[in-house]
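This report concerns the arrangement of domains, ligand shell and helices in one protein model. The sequence and structure are shown first.

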Amino acid sequence: MNALSPGLPAPSLEAYLQQAGEVILHRSQSETAPALPAAPSGDLRVGVDLGTAYLVLAVLDEAGRPLAGEWQFAQVVKDGLIVDYIAATDLLKGMKERVERRLQRELTRAVSGYPPGVPRAEVRATAHVVQAAGMDCPELVDEPTAANNILRLQNGAIVDVGGGTTGIAVVRDGQVVYTADEPTGGTHFSLVIAGSLGISFEEAEALKIQPAQQPRLFPLVRPVMEKVAAIVKRHITSHPVDQITLIGGTSAFQGMAAVIEEWTGVKTSVPPRPALVTPLGMAMQGGRDE
Ligand SMILES: Nc1ncnc2c1ncn2[C@@H]1O[C@H](COP(=O)(O)OP(=O)(O)OP(=O)(O)O)[C@@H](O)[C@H]1O
Ligand SMILES: [Mg+2]
């Protein structure tokens, strides 16, 4: 059976994420993207991931297939805490409106999430941003559980290398049984690149995500990758696993999986579009929309 879309042939994880990557657009593309030829029918499943580096809105159809979405860089959240409530709300409102125009449907509900270990009061602030942007937020899911809605790992570690932090989640029999979150992520990559090349953080950020630039940047960021690897190794020493799946935007840096695998001795892989796994999993969690 296809867990993502009961009754349909199972898409591979790779094909699913590639397809999601084609419909979840960067804000600059989203502004001018044409509307879908016809408004989708049926319930919609919406996910909102307010990350330290990226805000992502993902919309799936009833069967869980990616329909549309938008992502943009924004520094309005720090390690799961909303630091600029007004800006977060305004940005999300804009994302919602552009995606609604493309879909020709209103988005009325969204599932959002929180990194494990964030205090309850702060988790509620995330729901308030979603509500202030015009959607109900009936459910908040912890990020690794959301990610595993897409990955469907039975046993192993999900390592989420995002903007601000690295999250480690150990999965046994399909359930997240152990989590940890430590402050090293893509922002540190950008800081090291900016410092080494004498450029601004913004320039480093833009350079870093270009695949063609990564081979020459690799020696600069390798020590940060090794720091991530050391964090992962420490956690899986007490919670052994025989496979690691890397997700989060920073996992897209070429060579990440090899460095983690070399340090931990555990088979490590990265799916396509690793930054979209958690937002898609939030949408998959529910968020049915009339
Ligand atoms: N192709 C790429 N290569 C390298 N780094 C990338 C790439 N794409 C995105 N990133 C980096 O990934 C980070 C964003 O990833 P992600 O969206 O998973 O983080 P986040 O959820 O915003 O942050 P956090 O989970 O720490 O709150 C940024 O630091 C960004 O520069
Ligand atoms: Mg994240």
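This is a predicted model: local features need pLDDT of at least 70, side-chain atom pairs count only at pLDDT 80 or more; totals for chains, interfaces and linings use all residues.

Residues are numbered from 1 along each chain as its sequence is written, and chains are lettered from A and ligands numbered from 1 in the order in which they are written.

**Domains**

The protein is assigned domain 1 (13–141 + 277–289) and domain 2 (147–275); such bounds come from an automatic or database domain assignment. Taken over C-alpha atoms, the centres of domain 1 and domain 2 are 22 Å apart. Contact (C-beta atoms, placed from the backbone, within 7 Å) links 21 residues of domain 1 with 23 residues of domain 2. On the side of domain 1 that touches domain 2, the elements giving two or more residues are α1 and α10, and α1 gives the most, with 6 residues. Helices (H or I, at least four residues) and strands (E, at least two) are DSSP runs, numbered from the N terminus.

The table gives the composition by class of two sets of residues.

| Set | Composition |

**Ligand 1**

Ligand 1 lies between domain 1 and domain 2, because both give residues to its shell. There are 20 residues around ligand 1, of which Gly51, Thr52, Gly162, Gly186 and Gly249 come nearest; a residue is near if its C-beta atom, placed from the backbone, lies within 6 Å. Two or more residues of the shell come from each of α6 (186–197) and α7 (201–208).

Helix α1 (residues 13–23) has Tyr16, Leu17 and Ala20 buried (20 or more other C-beta atoms, placed from the backbone, within 10 Å of its own; exposed, 12 or fewer; partly exposed in between). These buried residues fall within an arc of 90 degrees seen down the axis of α1, so they line one face; the arc is that of the directions from the helix axis to the C-beta atoms. Glu14, Ala15 and Glu22, on the other side of α1, are exposed. The cover over the buried residues of α1 includes β1 (24–26), β4 (66–73) and α10 (277–284).

Helix α8 (residues 214–238) has a kink of about 60 degrees at leucine 220, shortly before proline 223. The bend at a residue is the angle between axes fitted to the seven residues ending there and the seven starting there. Buried residues of α8 include Leu217, Val221, Val224 and Met225.

Terms used
Two residues are in contact if their C-beta atoms, placed from the backbone, lie within 7 Å.
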